[in-house]
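Here are my notes on the model, as numbered points. They begin with a pocket, then turn to a cavity and the chain.

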Amino acid sequence: MSARTPLHLAAEIGGPPHYDAGHYLRLAELAEGGALDYVTLGDSFARPGLDALAVLARVAPATDRIGLVPTVTTTHTEPFHVSSAVASLDWVSNGRAGWHADVSTTEAEARLFGRRSAAPPAALWQEAGEVADVSARLWDSWEDDAEIRDTATGRFIDRDKLHYVDFEGSTFTVKGPAIVPRPPQGRPVTVIDAVGAPSKEAAARHADVIHIRATSPEQAATLRDELRAKASAHGRDPDALRVLVALTVDLGDAESAPEPGLESGPQLAGRGTYFRGGPVDLADLIAQWHRSGAADGFHLTPITPERDLERIVNGTVALLQHRSLFRTFYPGGTLREHLGLLRPASRYARAGAASASPVASKEA
């Protein structure tokens, strides 16, 4: 990777549950002030709190440029509804939506729904990959110019430009087409954490952005190369993949020295590799790893969002901008533009696929 490759930065704005969407809006606005690519908001069926996707739908009209990426659990949920909700977030944000696909592994979470028992990770990630696949197909099922909106004739859509999906997965089937017009980005950005073999496979097949865990730039570069090779083996362009190192960040000690190497920091399950130090220390680490070709950027999880995100934006990011290593403004309006990803064409428009159909979705 060239040292001139743009640096991408994102941040998590979750933490202890808050029941006021304004809390998350303030954090998103702070991140937007630093021109970060996107913010994530974690969620799961195992934790209390507001629904992440609904919260970011509230944040969307009050922000202008920041990408919005809620965690969406693909287990126990209807793929058709997932696709519709993420497409709606893309519309309400004018093309700034992504979704962080995740799975639900525990029996306690399964009992909340009563549909089926917990499944092994391999099966859950196979299903998650299928949900990502069918979501992309549903987003493509409306051609870009399917809407006519001709009041004189009373025609809203051109039915010849709506298409069957006819997808059959391991646990569900979807007929389609979507009930939401094609999103502004064509396909909202898909983000997956590659933390094990099953999730790596799903990420290589379907993700636009992959979060990895690494304790050295050499390990990060090896993981990045592996994921790019897997993507290429699946017929994808590896240059259309962004690989970000996930770090849990504790900037509570201002400019005190960081732990001597990330290897010595404690591992926080599911939250990334731990970094403890000051904003300048973090800027130096980001610059060193990115210049070495270790990754396309970083996804930072502040251990105390209200404190550490401010130090990330006004300390670390400001320093990277001063060194001309990170942009000072957004070059475009959509999340795909922030990430340097092209807007994909509808596969059905390219293939000239045939006729429209009623919408139908069911869980097998």
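1. The lining of the second largest pocket divides into 8 nonpolar, 5 polar and 10 charged residues. Here Ala, Val, Leu, Ile, Met, Phe, Trp, Tyr, Cys and Pro count as nonpolar, Asp, Glu, Lys and Arg as charged, and the others, Gly among them, as polar. This is a predicted model: local features need pLDDT of at least 70, side-chain atom pairs count only at pLDDT 80 or more, and totals for chains, interfaces and linings use all residues. Residues are numbered from 1 along each chain as its sequence is written, and side-chain values use heavy atoms, without hydrogens and water.

2. Which residues lie nearest the centre of this second largest pocket? They are Arg187, His206, Asp208, Arg236 and Arg336, out of 23 lining residues. The pocket volume is about 600 Å³. A pocket is an open set of points on a 1 Å grid over the protein atoms alone, with protein on both sides within 12 Å along at least five of seven lines; lining residues have an atom within 4 Å of a point.

3. α5 (121-140) and α6 (197-206) each supply at least two lining residues to that pocket. α5 gives the most, with 4 residues.

4. The whole structure has 2 cavities of 30 Å³ or more. In a cavity, a 1.4 Å probe fits but cannot get out.

Note on methods
Grid points are joined across faces, edges and corners, and a volume is the space filled by probe spheres set on the points.
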